[in-house]
Amino acid sequence: MRLRNIPGARDVIAGHEAVIKEEKQWKGRWDQVFENDHPIRLEIGMGKGQFLMQMALQNPDINYIGIERYSSVLLRALERMNALEEAPSNLRFVCMDASGIGEVFEKGEVDRIYLNFSDPWPKARHAKRRLTSTAYWERYDGILKEDGTVEFKTDNRELFDFSLEQVVEAGWEVKACTFDLHNDEKMNQNNIMTEYEEKFSSKGNPICKLIAERKR
């Protein structure tokens, strides 16, 4: 269950230098936010930010942006970031709903998107709201570079099966897929094991992963 009501969370994130304000004004101008023209990678629903922070520290020549709709969850990520000896300068956060990414990024601004989450299922009546529904694959198509990819990880097999159907229906190509990431030597190479993965793997729930690319 997400912590949605931490008193003062919105005020804290609004005043943090790593959180982008008035994000719509930066559409097509993210190079000015980072003061460089490095590639941009986006994580949607980034939780505590562990994955993004490790990626940002390991790859200083790549810019990372995390989108999280819940201010309380984003607050946890900022607390983690503040605890670092030196926070990465190539990492920013945006507090928003992912349905609006087309208003924040232009076509070709993002070179990779990460989706890492465990979403309750079944929720057939809310299928169009899932971050891996055809509606969202269309949104991803609208901001990715020509050779851009989307990586999706979850422990929820029903959700993963749904996602595989949706990505094909949306006209994308599944470049790689595994139903047990941590026992798949090739797919697990260079994988960052997050708290989320550790939690569910320890309970015997395999992590599924797919990498999708638009068909040319």
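Analyst: Happy to! Let's begin with a term: a residue is called buried under 20% relative accessible area, exposed over 50%, and partly exposed in between, using a 1.4 Å probe and protein chains only. With a relative accessible area of 2%, Cys-208 is buried. Cys-95, at 23%, is partly exposed.

Next, the bonding. A disulfide is a covalent bond between the sulfur atoms of two cysteines. Here the working rule is a pair of cysteine sulfur atoms within 2.5 Å, and by this rule the count comes to 0 disulfides. Cys-208 is in no disulfide, and the cysteine sulfur nearest to Cys-208 belongs to Cys-177, 7.4 Å away.

A word on the source: this is a predicted model, in which local features need pLDDT of at least 70 and side-chain atom pairs count only at pLDDT 80 or more, while totals for chains, interfaces and linings use all residues. Residues are numbered from 1 along each chain as its sequence is written, and side-chain values use heavy atoms, leaving out hydrogens and water.

Now for the surroundings. The protein chain holds 9 helices and 7 strands, counted as DSSP runs from the N terminus (helices are H or I with at least four residues, strands are E with at least two). The chain is as compact as a globular protein of its length, because its radius of gyration of 17 Å is close to the 17 Å that the globule rule gives for 216 residues. That radius is taken over C-alpha atoms, and the rule is 2.2 Å times the number of residues to the power 0.38. The C-alpha trace spans about 40 × 40 × 35 Å along its principal axes. Buried residues make up 48% of the 216 residues. Of the contacts (heavy atoms within 4.5 Å) with a separation of 6 or more, 77% are between residues 24 or more positions apart.

Most residues other than glycine have a negative phi. Glu-22, in the loop between helix 1 (9–15) and helix 2 (30–34), has a positive phi near 45 degrees. Its side of the story on accessibility is simple: Glu-22 is exposed, with a relative accessible area of 61%. Glu-35 sits in the loop between helix 2 and strand 1 (40–44), with a positive phi near 60 degrees. Glu-35 is exposed too, at 71%.
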